[in-house]
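The sequence and the structure are shown first.

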Amino acid sequence: MRAVQYRTIGGGPEVVEVPTPAPGPGQVRLRVTAAGLCHSDWFVMDQPAERYAYGLPLTLGHEGTGVVDALGAGVTGVAVGDPVAVYGPWGCGLCPACARGAENYCPRAASLGIQPPGLGAPGALAEYLVVDDVRHLVPLGDLDPVETVSLTDAGLTPYHAIVSSLDKLPAGSTAVVIGAGGLGHVGIQVLRAITGAIVVALDISEEKLALASEVGAHSVLPSDPSAIEAIRSLTGGVGAQAVFDFVGAPPTVEIARKSVALDGVIQIVGIGGGLLPTGFFSTPMGASVRAPYWGTRAELMEVLDLARAGAVRVEVEKYTLDEAPEAYRRLHEGTVRGRAVVVPGD
């Protein structure tokens with residue numbers, strides 16, 4: 001089968017031929033119908049040799065949908081032909097976090113060598129994908145896999161951050177979204193769907209600010225130091241009750257620090273390398289800073305339900321498997337509008 005792999009430290013993604021995997025006991029093989037590209041992939045590929053910990057060669061792609069193609073021994077609960085989405089943050093399945101569906105916070109995964117698909121385990125940027133356990137599959141139903149696949153991360157991650165901040169977001173509150181790209185434009189829609197907040201979106205790209213307006217932002221601002229005073233002005237000097245930073249770079253976390261209200265919350269979702277000191281004389285009194293990771297299996301189901309209700313959609317650019325390196329280049333340059341999705345069958 002064909003797959004997109006990261007094969008050499010410092011190199012880029014390559015389309016290669018690899019053996020088609022067979023599912024072992026308890027495993028499920030999918031014929032991949034769509035795979036999403038993410039800035040996290042570039043984070044992995046940018047790691048120097050001394051910090052790289054994902055194995056080589058690595059088949060990329062931690063957002064995946066597919067049709068069940070083959071079942072390993074002992075598998076029940078799904079049948080060949082079922083359309084499914086892959087829940088990506090795999091855990092041990094036995095600890096209290098996993099028992100409540102929060103495998104994204106499994107404390108044992110790292111020590112047991114359990115890694116998500118595309119972030120250690122073979123990922124979805126291939127014609128076939130083996131999923132380790134049926135519990136990591138969520139029924140897709142009649143949802144379009146190409147339009148839906150990015151919700152497994154670009155939808156689930158913002159949803160998880162926003163749900164954990166709901167107590168800060170009653171009617172009349174203000175939520176700031178920094179970065180209106182792949183995750184941010186979905187986060188805006190989630191905020192509009194499940195909160196009463198006024199949504200202010202920031203970005204350095206005029207095109208992405210236009211997208212933010214299209215998907216429901218009440219106000220849009222350039223993502224630069226002038227945004228701080230503008231947010232203060234829009235909120236009568238109070239600041240935003242919640243700031244969701246989908247970039248996470250040093251300049252954006254500084255905007256977040258200076259824009260959040262007393263007793264507010266900052267969620268640093270992006271992995272842009274920014275660090276935010278918190279405490280007296282740094283963040284406002286009562287303000288919390290959180291670095292959320294992915295989301296729970298139940299939350300993925302809820303995100304898919306929002307999509308079925310028409311409350312959330314992903315702006316998608318489609319690519320073939322052979323075009324994946326070009327899609328990654330565009331993603332790295334920041335020229336993808338929304339989310340880049342590879343369709344292996346095209």
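**Salt bridges and cores**

Asp-69 is partly exposed, with a relative accessible area of 26%; buried denotes under 20%, exposed over 50%, and partly exposed the range in between (1.4 Å probe, protein chains only). The model is predicted, so local features need pLDDT of at least 70 and side-chain atom pairs count only at pLDDT 80 or more, while totals for chains, interfaces and linings use all residues. Residues are numbered from 1 along each chain as its sequence is written, and side-chain values use heavy atoms, leaving out hydrogens and water.

The side chain of Asp-69 forms a salt bridge with that of Arg-29, a term for a side-chain nitrogen of Lys or Arg within 4 Å of a carboxyl oxygen of Asp or Glu. Asp-69 belongs to strand S5 (residues 63–71) and Arg-29 to strand S3 (residues 28–36), so that distant parts of the chain, 40 residues apart, are linked. Helices (H or I, at least four residues) and strands (E, at least two) are DSSP runs numbered from the N terminus. Arg-29 counts as buried, at 17% relative accessibility.

In the whole structure, 17 salt bridges are found. Three of them are tabulated below.

| Pair | N to O distance |
|---|---|
| Asp-69 and Arg-29 | 2.5 Å |
| Glu-214 and Arg-337 | 2.8 Å |
| Arg-329 and Glu-326 | 2.4 Å |

Because Glu-214 lies in helix H7 (residues 206–214) and Arg-337 in the loop between helix H11 (324–333) and strand S16 (339–342), their pair ties together parts 123 residues apart in sequence. Glu-214 is partly exposed at 49% relative accessibility, whereas Arg-337 is buried at 17%. By contrast, Arg-329 and Glu-326 both lie in helix H11, three residues apart, about one turn of the helix. Arg-329 is partly exposed at 35%. Salt bridges with shared partners also join Glu-207, Glu-214, Arg-313, Glu-315 and Arg-337 into one network.

The largest nonpolar core has 75 residues, of which Leu-30, Phe-244 and Tyr-328 touch the most other members. Such a core is a set of buried Ala, Val, Leu, Ile, Met, Phe, Trp, Tyr and Cys residues joined through side-chain atoms within 4.5 Å. Helix H10 (residues 297–308) supplies its largest share, five residues. Beyond neighbours within four places in sequence, Leu-30 is in contact (heavy atoms within 4.5 Å) with residues including Asp-69, Val-84 and Tyr-128. A second, separate core of 18 residues includes Ile-228, Ile-231, Ile-255 and Ile-266.
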